[in-house]
Structures are given as structure tokens and as C-alpha cells.
Amino acid sequence: MRELSQYAILFGLSVGVFGLVLSLYGLARAIGRARAEPGKDVPATAGTLSRDPVWVRYHARYAGYALLFLAFDMEMAFMYPWAVVYREEGLIALLDMGVFLAILFLGLLYGWSQGALRRQ
Amino acid sequence: MSILVVLLSLAAGAYALAVIERWAVHGHLSLTGPAWAALALLGRESLLARKSDRLFFELGPVLLLVAGLMAVAVIPLAPGLIITDLATGALFLNAALAYVLVALIMAGWGPNGAYAMIAGWRFLGQFIAYAMLIVMPITAVAMRAESLSTVEIVASQEQLWNVLYQPMGFILFVVAAMGLAWLPPLDLPDATGELAGGVEAEYTGVRLAVLRLARMVIILALAGATVTFYLGGWLGPWLPPWAWSAIKILVVAAAMLSVGRYMPRIREARYLALSWKLGISLALANIFVVGVIALVVPI
């Protein structure tokens, strides 16, 4: 039950942030309104609308890293519970995770040798 | 009660940090400066770019603030002075700060401006560079403390602070934290002078005020995390615990803010390469070294 109430507090805080932001918007509105003028709402591209559409495909040149990142991020999900019981389990835990990390590290080295660690 | 105290100290801390940022970045110390700047932002017009994605544009800064506040919620300022002492505190901190990425991409995509959008996607690249270096050092911290609860992590440093126990992890974590808070020299998503402010380019008036506030909260959360994980949290002689927390957090935040004055901005490609080739190797070595020490030495 205590855990549940903690999450209730966190939820309440998140809702409270929305309240804070809305009251800030209200305060700004109370200070005064701006005059509506044409052309003020052009995004920052030296005062003109950009020639090409902006929402286009962005070339993610870090794709090689991103794939490796997925592998490592999955591994971290296993690392946290392991870290908590590490001292209890002792040497066997070090060996278990050591083998796992060594394989993963070899994967990193392989990716490096194949040119994955490069902005393409 | 403690929630209110933490929230008030968070507000005070954010203000103090704004003063320090002005001092670190522009070189003049003004105690009232941030208050006037905030009032000016509230008084200014808050433009909505034409053809924008309204939902993303509005939600970006708010989500950023929520993420920062969630991260602050698991940082202990003194024994008992914490919003929620979750059993999975260190993991929850990661989960909350992951939303910084989502919020920045939303804020970049939303206004339909070229600079903002490039900046948002660029932050995704920066995320791939720093993310592993946030979680891996925390693993080593949890190995020593045998717990993910931030309170127990602080308690585990009673005899020796983690900054001395695992200095490599400390350095990696601080640098990665600077990447997470997009502080110069790792300020790729707002890159003043190169992307015209990047994700901040289209935000004006009160929306910009919320964005700036959110960023201050995130910097405080990360300074708090550094102090909790590595600098012994509230531990320290003579002064009361809350004073130690306050001093340490503000000093760490000030140090993070002032690095940008002395270093040029790093390129995305170089940052990615450094993080993965040097950073990950060091982080794995750190886990191994801490693993051996934790088995041999009982503290």
C-alpha cells in the first residue's frame, strides 16, 4: 500500500505541473495581450518561409550506433537486478555477468571493426 | 510535509541556479536578474508558429518539466527529506530522464521550423552517445549499495564516498549528465550561433519561460543525482545534512555550468565516437573493477 501511495504522489506531482504551467499562462495573459500582425509567426529562417518543406526525412547518420545502442540497452535491463544481488551471490555473479559482458564487448569490437562506429 | 519542503527548496535551487548560470555564462552576478528576466518573458508575446504541430509544440516544455520533477522526486536531501523513497529509485531516475529526449524531439518537431527540427533529431544522436554512460556507472553504484533505493545508496557511502571508490564512474557520469542536460560544450540541441537556438528557437514568451524553468530543474536533478550517487549525498561533518546537500548540489551544478566557458562545442560525430569507443570501454572496465573491489573489501 505504501508503494501505491508513492506512485499516487508522483502522479499528483505530474498533474500539478500542468496546473503550474496553466497558471503561468494565465499570468502571462493577465499581463497583456500582443497585437496581431501578419508575418510574426514565421519560423526562424531569416524572416522568410523556408523554401523547402521542413518536415522531411532526416538522415539519421548515427544509425550504426543506434543498432549497437539497442543491444546495450537490453543488456542494461538485466544489469540492474544483477547489481542488487551482486554481493550476495559473490564470485559466481561476477563470472556470470563477466562472460555476458565480454561477449557484448566483443560485439562492440566487431561492430567497430566493421565501421559501425562512424557517422555515416 | 517533506514534499512541500523539497518543492520549495527546488524552487529556491532553480532560482539560485539561474543566478549562477548568469554568472557562469555572462560573467556578471546579479541576484535579482533572473526575476526580472522571468517577468520580462511572461510579459512578452508567446508566438505559435504557423502550420505547427500544436500538440507537440505545447506539450514539449511541459513534459520536460514533468521529467525533471519526477527525477527530483527520488533525490534525498536529508534523512527523511525526500518526495518518494522508491525501492527502485535509481532506475526510476533513468526512466524519468529518458523523457527529456522525447520532450526535446517533440519541441523540435512541433513548430515546423528547420532549425528546431534539426536540433531535435540531433539530440537523438546525442542521446545515443550519453545514455549508456548514465546507466552503466549507476549499475556500479548499485553494486556497492546492494540496492537501487537512493537513500540506501547514500547510506552505503558512510565510510567512503563513491567519488573515491569509483572515480572513473564519477567522471563518466558527470560528462554524460552534462550531455543529458545539453550543457555546453555538449549543447548540440540548442547550439547558439549555429542553429539559432535550436529547439529554443521557436519558443517565445511564457512558453520559453516554462522551457527554461524545466531545464533548470533538470540540471538540478542531475546535480542532485551526482551528489547522491558519488558525493555522499547529505553526509558530511559539522553542518546539518540538508546544508551539505544544498552546498554540494549547487557546487556541482555551478561546475557543470561553467565548463562551457572554457571548451568549444563538440561535434556530434566526435561525441558519438568518443562515447562509444572510449566511454563504453571505460564504463565496462569500471563495472568490472568495482565488482572485484566489492567482493574483496567489505565496505
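**Figure 1. Salt bridges across the whole predicted model.** Searching the entire structure, which is a predicted model, turns up 5 salt bridges over all chains. Between chain A and chain B, though, the count is 0.

**Figure 2. Close-up of the Arg54(B)–Glu58(B) pair.** Here the side chains of Arg54(B) and Glu58(B) meet in a salt bridge, with N to O at 2.8 Å. Why do Arg54(B) and Glu58(B) sit about one helical turn apart? Because they are 4 residues apart in helix H3 of chain B, which runs over residues 54-73.

**Figure 3. Where chain A and chain B touch.** Chain A puts 55 residues into this contact and chain B puts in 80. Together the two chains bury about 6000 Å², and 75% of that is on carbon and sulfur atoms. If you want three residues of chain A to click on, go for Trp55(A), Tyr80(A) and Arg87(A): they supply 15% of the area chain A buries against chain B, more than any other three residues. As for polar contact, there are 10 residue pairs between chain A and chain B, counting pairs with both residues at pLDDT 80 or more.

**Figure 4. The chain A side of the contact, helix by helix.** Helix H1 (2-31), helix H2 (63-89) and helix H3 (91-113) of chain A each bring at least two residues to the side that touches chain B. Which of the elements gives the largest share? That would be H2(A), with 16 residues. Sorted by class, this side of chain A comes out at 42 nonpolar, 5 polar and 8 charged residues.

**Figure 5. Helix H2(A) and its bend.** From first C-alpha to last, the 27 residues of H2(A) reach 38 Å, close to the 39 Å expected at 1.5 Å a residue. Where does H2(A) bend? Look at Ala83(A), where the angle is about 45°. Just past the end of H2(A) comes Gly90(A), with a positive phi of about 75°.

**Figure 6. A cis peptide bond in a chain B loop.** Pro184(B) and Pro185(B) are joined by a cis peptide bond, with omega at about 5°. To find Pro185(B), follow the loop between helix H8 (167-180) and helix H9 (205-230) of chain B. For context, most peptide bonds are trans.

**Figure 7. A positive phi at Glu146(B).** This residue lies in another chain B loop, the one between helix H5 (114-145) and helix H6 (150-155). Phi of Glu146(B) is near 55°, a positive value in a residue other than glycine. Most residues other than glycine have a negative phi.

How values were computed:
Residues are numbered from 1 along each chain as its sequence is written. Chains are lettered from A and ligands numbered from 1 in the order in which they are written. This is a predicted model: local features need pLDDT of at least 70, side-chain atom pairs count only at pLDDT 80 or more; totals for chains, interfaces and linings use all residues. Side-chain values use heavy atoms; hydrogens and water are left out. Contact means heavy atoms within 4.5 Å. Buried area is the accessible area (1.4 Å probe) that two parts lose on being put together, summed over both. A salt bridge is a side-chain nitrogen of Lys or Arg within 4 Å of a carboxyl oxygen of Asp or Glu. A polar contact is a pair of N or O atoms within 3.5 Å; within protein, one must be able to donate a hydrogen and the other to accept it, and residues adjacent in sequence count only if both atoms are side-chain atoms. Ala, Val, Leu, Ile, Met, Phe, Trp, Tyr, Cys and Pro count as nonpolar, Asp, Glu, Lys and Arg as charged, and the others, Gly among them, as polar. The expected span of a helix is 1.5 Å times one less than its number of residues. The bend at a residue is the angle between axes fitted to the seven residues ending there and the seven starting there.
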